[in-house]
Amino acid sequence: MNEGVSLRRHDHVAEIVLDRAEALNALSTAMARRLATVCAEVAGDPRVRAVVLSAAGDRAFCVGADLKERAGMTDAELLGQREIFRAAFGAVLGLPQPAVAAVHGYALGGGCEFALSCDLIVADESAVFGLPEVSVGLVPGGGGTQSAVRRLGPGRAADLVLTGRRLGIDEAVRYGLVDRQVPAGSVREEALTVAALMAGNSPVAVRAAKRAMRNGADVPMAAALDIEDAAWRTAAFSADRKEGIAAFNEKRTPDWPGR
């Protein structure tokens with residue numbers, strides 16, 4: 001039983017699927033626990049060089065937490081679920097491989113936060129984004145208050161978080177919430193294509209570059225350049241660099257050692 005999350009493999013790309021279409025992929029406790037487990041499996045697999053986060057069904061990417069499940073919870077049970085949810089969102093955010101969100105339909109609350117946890121967001125014309133937690137007496141708790149500021153800037157993040165309003169695809173693109181817009185029905189294919197391009201590059205260099213961008217984004221420039229230098233050294237003295245140079249000179253496709 002997949003408990004609402006499936007894992008599909010496409011050569012060096014792992015596709016993590018939010019697979020609870022009958023509930024619009026609403027995040028239940030079991031689903032969150034399963035997602036953290038799948039992400040840990042993917043993170044530790046040296047064969048995986050890029051990740052796509054997609055969703056089953058044709059109506060929603062994810063509508064956030066399962067509020068029907070929460071309705072019967074005690075405060076203690078809600079606190080217990082909180083730790084499981086934090087682990088799930090943290091597992092997506094902490095993937096060492098580049099992650100591409102493939103968003104269609106509703107991406108609300110935790111669904112929007114899952115997309116924001118990825119490195120690149122591809123969305124089709126049906127996508128609707130929102131962080132409506134304040135409208136039900138909550139605060140975005142899957143990293144939304146932090147990732148929205150980092151991606152959108154403080155003003156646009158405040159507009160999204162404090163009003164709880166929804167953004168259609170055109171406004172989401174203008175805001176910088178969506179990186180690539182595609183026609184309806186083609187988002188998964190596009191995301192897998194982008195991930196395959198990433199996976200074709202040196203896995204050592206790609207992971208190091210992701211670390212440098214993530215870790216250097218919120219520190220002073222001098223410290224950020226030191227982070228970049230550390231990433232450069234990781235790649236420069238790797239077996240991947242030797243193979244990359246050899247393949248370039250021999251006019252062939254690299255066979256990356258991944259170390």
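I start with a definition: rings of Phe, Tyr and Trp (its six-membered ring) pair if their centres lie within 6.5 Å, and planes under 30 degrees apart count as stacked, over 60 as edge-to-face and the rest as tilted. This is a predicted model, in which local features need pLDDT of at least 70 and side-chain atom pairs count only at pLDDT 80 or more, while totals for chains, interfaces and linings use all residues. Residues are numbered from 1 along each chain as its sequence is written, and side-chain values use heavy atoms, with hydrogens and water left out.

How many aromatic pairs does a search of the whole structure find? The search returns two. In one of them, the ring centres of Phe89 and Phe114 are 4.3 Å apart and the planes are at 25°, so this pair is stacked. Phe89 belongs to helix α3 and Phe114 to helix α4, 25 residues apart, and the pair links distant parts of the chain. Helices here are DSSP runs of H or I with at least four residues, strands are runs of E with at least two, and both are numbered from the N terminus. The other pair, Trp232 and Phe237, is edge-to-face, with 6.1 Å from centre to centre and 85° between the planes.

Phe89 and Phe114 are buried, whereas Trp232 and Phe237 are both exposed.

Phe114 leads on to the core. A nonpolar core is a set of buried Ala, Val, Leu, Ile, Met, Phe, Trp, Tyr and Cys residues joined through side-chain atoms within 4.5 Å. The largest one has 50 residues, and the members that touch the most others are Ile16, Phe61, Val103, Phe114, Ile121 and Phe129. Helix α1, residues 29–43, gives the largest share of this core, with seven residues. There is also a second, separate core of 15 residues, with Ala50, Val182, Val187 and Ala199 among them. As for Phe114, its contacts (heavy atoms within 4.5 Å) beyond four places in sequence include Leu35, Phe61, Cys62, Phe89 and Val92.

Now helix α1 itself. At 1.5 Å a residue, its 15 residues should span 21 Å, and the end C-alpha atoms are 21 Å apart, which agrees. The expected span is 1.5 Å times one less than the number of residues. Which residues of α1 are buried? They are Thr29, Met31, Ala32, Leu35, Ala36, Val38, Cys39 and Val42. Among the elements covering these buried residues are β1 (5–10), β2 (13–18), β3 (50–55), α3 (75–93) and α4 (110–117).

Leu24 is partly exposed at 22% relative accessible area, while Asn25 is buried at 0%.

Next, strand β7, residues 120–124. Five of its five residues are buried, so the strand is largely enclosed by the rest of the structure. Leu120, Val122 and Asp124 are on one side, Ile121 and Ala123 on the other, and both faces are covered. Two strands pair if DSSP finds at least two bridges between them. β7 runs parallel to β5 (residues 99–103), joined by four bridges, with Ala102 opposite Val122. It also pairs in the parallel sense with β10 (residues 180–182), over three bridges, and here Asp124 stands opposite Val182.

Last, the cysteines. A disulfide is a pair of cysteine sulfur atoms within 2.5 Å, and a search of the whole structure finds zero. For Cys112, the nearest cysteine sulfur is that of Cys62, 10 Å away. Cys112 is buried, with a relative accessible area of 0%, and Cys118 is buried at 4%.

Definitions and conventions:
Buried < 20%, exposed > 50% of the residue type's maximum accessible area, 1.4 Å probe, protein only.
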